[in-house]
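Take a walk through the model below.

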Amino acid sequence: MTVPIDRDRFVATMQEQAEIGGTEGGGLHRLALSDEDREVRDWLTDQLEDLGLTVRVDEFGNMFARREGTDPDAAPVLVGSHLDSQPYGGIYDGALGVVGALELLRTLEDEDIRTEHPIEIVNWTNEEGSRFQPAMQGSGVWIGEHDLEEQYETTDEDGNRFVDELERIGYRGDVPAEPQEEYEAALELHIEQGPYLELDDKSVGVVTGVVGFYWGATTFYGEADHSGPTPMHYRNDALVAAADVITQIRRIPSTLGERTVGTVGYVDVEPNSINIIPDEVTMTWGFRDPSDDVVEQAKERAVAESEMAAEREGVDWEWEKRMRSESVDFADKCVDAVQGAADDLGYDNEQIYSGAGHDAAHLSKFCDTSMVFAPSEDGKSHNEDEYTSWEDCYKGANTLANAALRIATPVE
Ligand SMILES: [Zn+2]
């Protein structure tokens, strides 16, 4: 048996939130701890209070509200995402997961359904990591991955401190920013931000995990010289070595896995002058794949390619690790709940790995977790063209709601 959420109200609520920080280009500019963030938080508070719920705000601005269950000893099921956006981002990223959770709570109220476990909605602070870094900051603090005091001191590019901005918008709460108890499960609905569901003609993604990644950097040390009188065979050009590696990073993924990706996103060239042979170049490289082995192999290839490129060009080189994130496998219990809900609802679905990080990846280190994905048109996100049809948004929200119900009131 499935419990449908109200499609029209859900769509209207999505449209309502999209007006707060809405851009002329049909997107959303709602940076973490901005005035727009305050406004949407106030709006969410109103929606939850209308349901008779009490909103808790923790020291890091994460917002929670709980609808009690029938069993006073049962651990809560956490459902939600984030309401902040990228600069001139889309209206679905994050908001879909919060509105989906809100609509679940409203449906329970409408239908007078008492779940066994409490259901708790969450709006995480600063998931996007564009104004303040790192991304997924609120959930990271909450699970103890990051230190609260350290994160308070992070600043935006104008030098504003996180903690001052949190105070300014009135969302520095007094509840400790850490779990106060065990949780039964956490579920997050999000747009896919990649093209696979659309390519496979599916409406719902049952997310089984999050890809791992490795970020590293290679620096080449050549010799600066006048670009006029220096013959070609005299040169030790650090940029030529880097360029070799850049093309290899593009080729490595196709030799490893079907969904392996590799990127050089940053290059620093010294002295970066039109008339001087570059003597120092730092380039980052990164790989993602569901398999940690594949990520490891890709990293080794990048290091080996760096060595070969340095040899060919006669330059010195070194490399360093920047960051490593192991892939996450979501808990069977939660994946099964999402799968069961999507099947019961009759939606075309497939199991999928997330190629991007999410609050849910943090939560999976603390409790059983899974996600629901809705297709992204052309795989686009983090810009105003981000688009998911209302039909697909609705199917995602309905899947989320029914997956949460499966866990909150288990059928023996
Ligand atoms: Zn997001």
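Start with Met-136. Its relative accessibility is 17%, so Met-136 counts as buried, the cut-off being under 20%. This is a predicted model. Met-136 sits in the loop between β4 and α4. Its backbone is worth a look: phi is near 55 degrees, a positive value in a residue other than glycine.

The loop that holds Met-136 also holds Pro-134, between β4 (119–124) and α4 (137–142). The peptide bond leading from Gln-133 into Pro-134 is cis, and its omega is near 5 degrees.

A cis bond also occurs between Glu-270 and Pro-271, where omega is near -10 degrees. Pro-271 belongs to the loop between β9 (267–270) and β10 (280–289).

Now go to Asp-112. Phi of Asp-112 is positive, about 55 degrees, although the residue is not a glycine. Asp-112 lies in the loop between α3 (95–111) and β4. Is Asp-112 buried or exposed? Its relative accessible area is 60%, so Asp-112 is exposed. Met-136, by contrast, counts as buried at 17%.

Next comes the metal. Which residues hold the zinc ion? The protein donors are His-82 through NE2, Asp-93 through OD and His-190 through NE2. They lie 1.9 to 2.1 Å from the zinc ion. Along the sequence, the donor residues follow the spacing H-x10-D-x96-H. His-82 is part of strand β3 (residues 77–82), while His-190 is part of strand β5 (residues 185–191), so the pair ties together parts that are 108 residues apart in sequence. Both histidines are under cover. His-82 is buried, with a relative accessible area of 0%. His-190 counts as buried too, at 1% relative accessibility.

Finally, turn to the surface. Glu-39, Asp-42, Asp-46, Glu-49 and Asp-50 form a patch of negative charge there. One of its members, Asp-50, is found in helix α2, which covers residues 35–50. With a relative accessible area of 65%, Asp-50 is exposed.

Glu-24 lies in the loop between α1 (7–18) and α2. Glu-24 counts as exposed, with 88% relative accessibility.

Methods. Residues are numbered from 1 along each chain as its sequence is written. This is a predicted model: local features need pLDDT of at least 70, side-chain atom pairs count only at pLDDT 80 or more; totals for chains, interfaces and linings use all residues. Side-chain values use heavy atoms; hydrogens and water are left out. Donors are N, O and S atoms within 2.8 Å of the metal (3.2 Å for Na, K and Ca); water is not among the atoms, so sites may look incomplete. Helices (H or I, at least four residues) and strands (E, at least two) are DSSP runs, numbered from the N terminus. Buried means under 20% relative accessible area, exposed over 50%, partly exposed in between (1.4 Å probe, protein chains only). Patches are made of residues with over 30% relative accessible area and no salt bridge: like charges are joined within 9 Å, nonpolar side chains (Val, Leu, Ile, Met, Phe, Trp, Tyr) within 5 Å. Accessible areas come from the Shrake-Rupley method with a 1.4 Å probe; for residues, only the protein chains shown count as cover. A salt bridge is a side-chain nitrogen of Lys or Arg within 4 Å of a carboxyl oxygen of Asp or Glu. Lys and Arg count as positive and Asp and Glu as negative; His and the chain ends are not counted. The place of a charge is taken as NZ of Lys, CZ of Arg, CG of Asp or CD of Glu.
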